[in-house]
Structures are given as C-alpha cells and as structure tokens.
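Colleague: I would like to go through this model with you, one point at a time. Could we begin with how its helices pack?

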Amino acid sequence: METGRTIIFPGKLQGCLGILALLVFLMLSGPLAAQHARPYPGPIFDAHLHYNVEAVEPYPVAKVLGMMKEAGVAAVLANSRPNDGTKALAESDDTLAKSGVQVIPFVRLYRNRDDYTNWFRDPTIYQMLESELAAGTAAGEYRGVGEFHLYQSQDANGPIARQIMQLAQARNLVILAHVDDAAIEMLYAHAPKARIIWAHSGISGVSASRVAELLVKYPTLVGELSYRPGLTGGNGLLSPEWKQLLLSHPERFCLGSDTWTNGRWAAYAEIMAGYRVWLGDLPVAIARKIAWENAARLFGLP
Ligand SMILES: [Zn+2]
C-alpha cells in the first residue's frame with residue numbers, strides 16, 4: 001500500500017479540479033442520477049387493455065401477444081368493442097402456452113361507438129351483459145365489467161349503472177370505470193363492497209389528495225395510472241406528489257396500456273418502457289406491487 005504521497009498541483013489547477021469534482025458529485029447525486037436508476041425489470045400486469053375491432057386487422061392476435069411478451073407483460077385485463085376481440089384473445093392457442101400471457105376477460109358494454117354515451121340509459125346493454133356472462137369465454141368466465149365511461153357524474157345514479165354495480169358485487173366481478181371522483185362515490189353508493197379499478201385515477205386531474213381521500217374511504221378501490229395528469233414530470237420520473245401518494249398507498253395502484261386506438265398499439269413497447277423508468281425510481285418491492293401484484297391479487301393470480 002502506498003501511503004503519504006501527496007501530489008501538489010499549482011493553485012489554479014487545484015481550483016479547477018475542485019469544481020470538476022463538485023460537478024461530478026452533483027451529477028451523481030441530483031436528478032440526472034435518478035434518470036439513470038435501473039428500470040423496473042419484473043413482470044407487468046396490463047390492467048387496462050382494449051382489443052377493439054379496428055386493431056384486429058393491423059394487429060392480429062399472435063402479433064399483440066408477441067408484443068406483450070416482448071414488453072414483459074405477463075397478464076392482461078382484456079376488453080373490447082365489440083366483445084369479439086376479447087373472445088379472440090381468450091381462445092387463442094398462442095395465449096399463455098406460447099406467449100406466457102394470461103388473459104383476464106372483461107365484458108365491455110359497447111357494441112359500437114354510440115354505446116359509449118348511451119349504455120347507462122339502454123336496458124338492452126344490461127341484457128347483453130347477462131348473456132355474455134352466461135356464455136363466458138374460452139379462457140373461462142368473465143372476471144369483470146368495463147371499461148365503461150361516464151362523462152357526466154350524475155349518470156352514475158341511473159338504474160342501469162345501479163343494476164350493473166349490484167350485479168358486480170353479487171358475482172364478485174371487478175369494475176373498470178372511466179369516471180370522475182364524484183361518480184366513484186355514486187357507484188359505491190349502489191354497491192359498497194364492489195371492487196372498482198378507477199381507470200386513469202382521475203383523468204381530468206383531480207388532486208392527489210382527493211385520490212388519497214377516496215382510497216381511504218373505499219378500501220376496494222384501485223387506481224389505474226394510464227393518462228393520469230401530473231403523474232410524471234418532463235424527465236419521465238414521478239412527480240413529488242405522486243411519488244408520495246404511491247409510497248403511501250403501495251397496494252392500491254396498477255398499470256394499463258389503454259390501447260383505445262391503434263396509435264396506442266403502435267406505442268405499446270414505449271408505454272411499458274416508460275412505466276419501467278418511473279417504477280425504477282421506487283423501492284423494488286413497491287414497484288413490483290404496482291406493476292404486477294396489486295392487479296394479480298384482484299384476480300387470484302400468483
Ligand atoms: Zn380505456
């Protein structure tokens with residue numbers, strides 16, 4: 001071991017080296033270092049996936065299953081307009097055996113685009129739901145209902161929404177709902193023990209504290225995080241308030257691709273890679289809960 005040797009630099013050079021050392025220290029300890037945190041490497045449960053009619057031709061079943069596998073997605077909550085897409089995924093020989101992707105089928109309430117804004121006042125939608133549930137899929141029984149949309153909170157108070165919530169509670173079906181915070185309360189008023197995945201966790205940007213309030217008030221509520229305003233900053237990492245919320249409620253959030261248009265299918269790999277970046281900024285056990293365990297637990301997957 002060499003000891004006691006000191007290299008003496010001229011004063012100016014020593015100053016420069018000091019500044020250089022300081023810059024290196026700041027780079028390693030500041031936000032730049034966080035950007036280089038290792039992305040989350042584990043499995044992802046895509047808990048908000050659509051395989052709508054427009055996707056079927058450009059993205060055949062074998063292709064989408066390959067894309068999921070490539071992105072490290074090991075299970076999907078699948079629903080589609082109309083329900084044929086979900087059934088095609090569920091009956092594919094490529095599912096699970098070849099691709100390792102498990103399909104959790106949901107009944108969507110939409111036969112066509114008009115149903116997005118009319119389902120809650122159309123009794124034939126409830127009949128369709130009942131017959132879909134009776135028929136099931138090749139991957140087994142349907143496990144939930146949705147994604148459905150309510151663009152006006154008060155539509156959650158209508159008779160069809162009430163019937164669906166009560167059916168979900170009675171049959172242990174999970175609801176995937178794209179609604180605002182007021183409608184979450186109305187849906188729970190119909191069926192206090194129902195399990196709801198809140199698509200986007202407030203897509204119009206309701207405050208993180210309001211999201212926290214609802215999580216505390218409704219223990220069966222889980223927030224899905226696609227399109228959530230304010231979740232991340234320009235660097236792709238979690239905003240401070242959302243990081244705090246996820247750390248405070250690590251059992252209550254999950255991820256989704258929301259492939260509502262073919263553009264989202266085109267970006268599928270990128271969407272999942274983006275999730276892995278901010279998940280990498282969380283303790284690994286918490287990242288795994290949000291990426292996989294919380295959704296897996298809803299459906300009894302290991
Ligand atoms: Zn969606």
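Colleague: At what angle do helix H7 and helix H8 pack?
Modeller: This is a predicted model, in which local features need pLDDT of at least 70 and side-chain atom pairs count only at pLDDT 80 or more, while totals for chains, interfaces and linings use all residues. Residues are numbered from 1 along each chain as its sequence is written, and helices (H or I, at least four residues) and strands (E, at least two) are DSSP runs numbered from the N terminus. Axes are lines fitted to C-alpha atoms, for helices over the stretch in contact, and angles run from 0 to 180 degrees between N-to-C directions. The axes of H7 (residues 123-135) and H8 (residues 159-171) are 9 Å apart, and the packing angle is about 15°.

Colleague: Are H7 and H8 roughly parallel or roughly antiparallel to each other?
Modeller: Angles under 35 degrees count as roughly parallel, over 145 as roughly antiparallel, 65 to 115 as roughly perpendicular and the rest as oblique. With an angle of about 15° between H7 and H8, the two helices are therefore roughly parallel.

Colleague: How many nonpolar residues does the contact of H7 with H8 have?
Modeller: Pro123, Ile125, Tyr126 and Leu129 of H7 meet Ile160, Gln163 and Ile164 of H8, where contact means that the C-beta atoms, placed from the backbone, lie within 7 Å. Ala, Val, Leu, Ile, Met, Phe, Trp, Tyr, Cys and Pro count as nonpolar, Asp, Glu, Lys and Arg as charged, and the others, Gly among them, as polar. By class, this contact has no charged residues and 1 polar residue, and its nonpolar residues number 6.

Colleague: How many charged residues are in the contact of H10 with H11?
Modeller: The axes of H10 (residues 208-217) and H11 (residues 240-248) come within 10 Å and cross at roughly 10°, which makes these helices roughly parallel. Ala208, Val211 and Ala212 in H10 meet Glu241, Trp242, Leu245 and Ser248 in H11. The contact divides into 5 nonpolar residues and 1 polar residue, and its charged count is 1.

Colleague: Which are the edge strands of the sheet?
Modeller: The open sheet has 8 strands in the order S1-S2-S3-S4-S5-S6-S7-S8, with parallel pairing; two strands pair if DSSP finds at least two bridges between them. Those that pair on one side only are strand S1 (44-50) and strand S8 (253-254).

Colleague: Why is Val76 buried?
Modeller: Val76 lies in strand S2, and its contacts, leaving aside neighbours within four places in sequence, are Asp46, Leu49, Met68, Val101, Val103 and Ile104. Val76 counts as buried because the number of other C-beta atoms within 10 Å is 28.

Methods. Two residues are in contact if their C-beta atoms, placed from the backbone, lie within 7 Å. A residue is buried if 20 or more other C-beta atoms lie within 10 Å of its own, exposed if 12 or fewer, and partly exposed in between; C-beta atoms are placed from the backbone.
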